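Please look over the model below. The report that follows covers selected strands and helices.

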Amino acid sequence: MAGGIWFAASTIANLLRVYLCRAFCVGLDDATPVEANAAATAIDRRLELMAFGAFLSGLVWACVPFLCAAYTTPQAVFYLVVTCGITAGAVSYGTSFARIPVFFITPPLVSVVGCLFVTGGFERECLAVTTLVYLVALMRTCFETEANFRRTSGLKNEANALAARMANRAICDGLTGLLNRAGFAEQAEATPAPCLMLLDLDGFKSVNDIYGHKTGDQVLAEVGRRLRAQVPACGHVGRLGGDEFAILYDPAVAGVTVRDLAKAIIAAVAEPFDRFDTDRVGISIGIHLGACDSLTEGLVRADEALYAAKSTGRNRYRIFDDELRDRLDMRRDAERDLPDALAEGAVEVWFQPIFRVREGNLAGLEALVRWRHPRHGWVPPPDIIAAAGVIGLSEALLRHILDSVYRMKLALTEHGATDIRIAMNVCPRELTQTPIEGLILDKLEAYGLPANWLEIELTEDTALDAAAVSDKLGALSRAGVSIAIDDFGVGYSSLSRIRQLRVNRVKIDRSLVTGLNEAGDKRGLVQAVIDLGKALSLEVVAEGVETETDLVALREMGCPFAQGYHLGRPMPPETVLETFAVPLRKVA
C-alpha cells in the first residue's frame, strides 16, 4: 500500500515537471517576437517553477525511508543504491541551472543521513557521514558545472555575436548602414522586384574638394538616411560605392508609383544640408522596370537611364525605354565589332571645314572619326571613343586618326594648300592613359611634317584638371602644336587654366551660336568671348553656324573663324580635296 502511494506521488511530480518543460514560455518560442527584458523575466520565472517542481520530486524521494523502515530492512542497501543513482543522474543532466538538481537531491539525501543517524550504530553513522560528504560533493559539482556552462555559453554567444557582426559587415556599408554591393545583390537574388533604381549624386565632387572628405562622408550618411526614409518598407536600399546608390522595390506592393518615388527622393536630397550652401548637392536617377536575367544586366540598363538623366541636367530621372535599349545595344555591338572595324579600315576620318568669316576662305579642317556599323548605321564619335577605351584600343584608335590626319596634310600640301591647319579632338582618357605627346611628335617626324599645322582640341571639362595634363600639353606646345579649348562657354575653365594649358584657340560652343540673333543673352556671351580672345591674343572659332543669319551676325561681331553645316558638313578626304584644294573656294 505504501509503495503504491509513493509511486503515485512520484508519477504526479514527474508529470508536473514534464509539463513545465514542454509548456509554452515567452522568450523561448522563436515565432513570438518579444522584448529582451520581458523574455528574460519569463525565462527566470519558468526556471523557478522548474526548481520548485524538482523540490517536490525530491520530497517524494525523501519518503523512501517509509518503504524500508528507515533503512533497517534487508532491502535497505537496494534503496540506498537507487537513491544515490538517481541523485547522481540528476546532477549529470542538470548542468545549466544548479538549483534544479540541488533542490532535487537535497531532500532524499538529507532523509538518508537523518535515518542513518537516528537508527544509530557505528557503521550507519559512518555511512551517514559518507552520504553527507556525497551530498556536498554533488552540490559543489552542480554549481561548478553551472559556472562552466555559463562561461562556455558566454563564449559561444560572443562568438555568435562576432560572427553576426562580421556577416553584417560583409553585407552592410559601414558609413551609411545601408546594404553594400554584395548585400544588395544578395537581397536582389532572394527577393527580386520589378523596379530597380540607380542613383548618383550631382555636385558631390565639389563638396569633397571644397569642404573635405569628412564632410563628404557626413553628406553620404545623411543621404543614406533620407533614402531610407523615402523608400517603402518592402524595398531595399544599398550603397554600391562612392556616391552611387541603388533601390529595389515592388511598386504594386508598396503602393507608390515609380515616378512618385523618384520625385520624392529628388526633393528629399535637394533639402539643405548643414555645413555648406543650399542646392550644392542633388541626385539623378536611372530606372529599369521589368524582369532581367541578372542584377548585373538590370544595373547596366539602369545605368544607361542614369547617364541619359544626367545628360539633361541635375535632379532628373529617366526610365529605361526602347530608345535607350537601342543605344545600349549599339554601344555593346560597337565594343564587340570595333577591333575588326579598325583592322578592316571601316573606321574613317572625315574633315569639316573651318572658314575665315571676313574673307570667306578655308582656314582649317577639323578631323572627325566616322564609322558606319553594319547593323546600327552611323555610330556617334563619342561612342566610338568610349568603346575604344573600354576594350583597350584607345591608343590604336589614336594612331589610326593621326595617320589619317597626317596623310590629309600631305595631300593638301601636294595640292598647294600649305597653310591649312588641321585640328583633331583628344578626349581626357587619351590624355591621361596614353603617351599622346610621344605618339604625335614621333609621327610628325616619321611623316616629315612641321608641328605648327596641327591643332589639339580639348573639351572644356578637360581643362578642369590642368595639372594632370599640363606636362603633356606643354611638350606639344613647345614643339609648335596648337592647343584649342572646344565647347568653350558652357563649362568651368578659367583664365588661369587657359594660360597654364598654353591655349592658342577657343571654340565657342554651338549652343551659344545656333540661333544667335534670336536670343540677346547669347549675343552678349558670344561678343564677350570674342573680345576676350582679342584681349588675350586667342583665336576664336564659332561652332554650329546653321544659317546665313548666324554667319552675318558673327561677321558684324568681329568673329574671325566659323564652322557649321551652313558652311560645310564633314566629308571624306577625297571630297575635301575635290572641293577645296584647287582652287580654295570662298563662302558668302
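## Basis of the model

This is a predicted model, in which local features need pLDDT of at least 70, side-chain atom pairs count only at pLDDT 80 or more, and totals for chains, interfaces and linings use all residues. Residues are numbered from 1 along each chain as its sequence is written, and side-chain values use heavy atoms, with hydrogens and water left out.

Helices (H or I, at least four residues) and strands (E, at least two) are DSSP runs, numbered from the N terminus. Buried means under 20% relative accessible area, exposed over 50%, and partly exposed in between (1.4 Å probe, protein chains only).

Strand E3 spans residues 244–249. Six of its six residues are buried, so E3 is largely enclosed by the rest of the structure. In a regular strand the side chains alternate between the two faces of the sheet. Glu-244, Ala-246 and Leu-248 point one way from E3. Phe-245, Ile-247 and Tyr-249 point the other way.

Two strands pair if DSSP finds at least two bridges between them. E1 (residues 195–202) runs antiparallel to E3, joined by six bridges. Here Leu-198 stands opposite Ala-246. E2 (residues 236–241) also pairs with E3 in the antiparallel sense, over five bridges. Gly-241 has Glu-244 as its bridge partner. E2 and E3 form a hairpin with two residues between them. In that turn, Gly-242 has a positive phi of about 55°.

## Helix H7

H7 covers residues 204–211, and its buried residues include Phe-204, Val-207 and Asn-208. Seen down the axis, the buried residues fall within an arc of 95°, so they line one face of H7. The arc is that of the directions from the helix axis to the C-beta atoms.

The face turned away carries exposed Lys-205, Asp-209 and Ile-210. Cover for the buried residues of H7 includes E1 and helix H8 (213–230), where contact means heavy atoms within 4.5 Å. Just after H7, Gly-212 takes a positive phi of about 95°.

## Helix H6

In H6 (residues 181–190), Gly-183, Phe-184 and Ala-188 are buried. They cover an arc of only 135° around the axis, which puts them on the same side of H6. Exposed Glu-189 and Ala-190 sit on the face turned away from the buried side.

At the start of H6, a side-chain oxygen of Asn-180 reaches to within 3.2 Å of the backbone nitrogen of Ala-182.

## Thr-579 in helix H22

Thr-579 lies in H22 (residues 573–581). Thr-579 counts as partly exposed because its relative accessibility is 28%. A polar atom of its side chain lies 2.7 Å from the backbone oxygen of Thr-575.

Conventions: Polar contact = N/O pair within 3.5 Å; in protein donor to acceptor, adjacent residues only side chain to side chain.
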